[in-house]
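I keep these notes while reading a protein chain on the screen. My entries begin with charge and then move on to the fold.

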Amino acid sequence: MKYYGIPDVGHLDEWTALEIPFEYDDFMLPMILENPGAVDERIRVYLQAGRDTSGDTLHGPFLDITVHSSDRLIREASDYRLRQVCDIAMRLGVKGMIVHTNFIPNYYEPTYRKGWIDRNEEYFRTFMEAYPDIDIYMENMFDEEPDLLAALAERMKGTRFSICLDIAHAHIAKEDVATWQQMCGPYIAHYHINDNDGRVDSHLPVGGEGGTIPWREILPTLNPGVPILIEVNSLEKYQKSRKFLSELKL
């Protein structure tokens, strides 16, 4: 399996030495995006590492991003942030950007759910025309069930739009991970993994103490050859996760 990691500028030499693809998380933070100097400096440092970034990905902003809103001002603010970060993705030379579903869970009003699919399809078809070199991976976030995400991905089939299935998010959802994999499987081009106790998205190392995700059962069911981000916030947690995964001997 091809595992990605999340680098940090303070330990970039150590991350670079691992010779793995990166997923940059810095640029989803408003505190970074509001500081052009900080953005430029981080891009400079990452490019100065001399790596091939063409297989890397970048996590787009997600909190409060609502491109499917019925409110024009909210749509415009969300679009501004996504385009800002996609411009950064272009400067870094990465292959794709992660976005989130960000709909209201447990709100089953038919007009809202249809509007979420319709507006996302319209938005991302237009968005990807403006960024023909960037793939879009939509990640499950607060979702309880996979039906809306799978329905949108089916509509977008044949484009550069696909699903990033976050196993830890699925583990705390109403439907189990097997159902998410089954319904989203045809559209999955990226995975995120870490561990939790089934209640809180705590980003524990994979197989870490307190985690309850049944990795031995889940990992063999994932789409073969699809890249996997070990989504933890330190090199130590990444290495613990890799050790656990290697010891599974799957």
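Charge. I looked up the charged side chains of the protein chain and noted 25 positive and 41 negative ones, with the centres of the two sets 2 Å apart. Lys and Arg count as positive and Asp and Glu as negative, while His and the chain ends are not counted; each charge is placed at NZ of Lys, CZ of Arg, CG of Asp or CD of Glu.

Source. I remind myself that this is a predicted model, in which local features need pLDDT of at least 70 and side-chain atom pairs count only at pLDDT 80 or more, whereas totals for chains, interfaces and linings use all residues. Residues are numbered from 1 along each chain as its sequence is written, and side-chain values use heavy atoms, with hydrogens and water left out.

Fold. I found 10 helices and 8 strands in the protein chain (DSSP runs numbered from the N terminus, helices being H or I of at least four residues and strands E of at least two). The radius of gyration, taken over C-alpha atoms, is 18 Å, close to the 18 Å that the globule rule (2.2 Å times the number of residues to the power 0.38) gives for 250 residues, so the protein chain is as compact as a globular protein of that length.

Sheet. I traced an open sheet of 8 strands with parallel pairing, in the order β1-β8-β7-β6-β5-β4-β3-β2, where two strands pair if DSSP finds at least two bridges between them. The edge strands, β1 (3–4) and β2 (23–24), each pair on one side only. I then followed β2 to β3 (residues 57–59), which it joins in the parallel sense over 2 bridges, and saw that E23 has T57 in β3 as its bridge partner.
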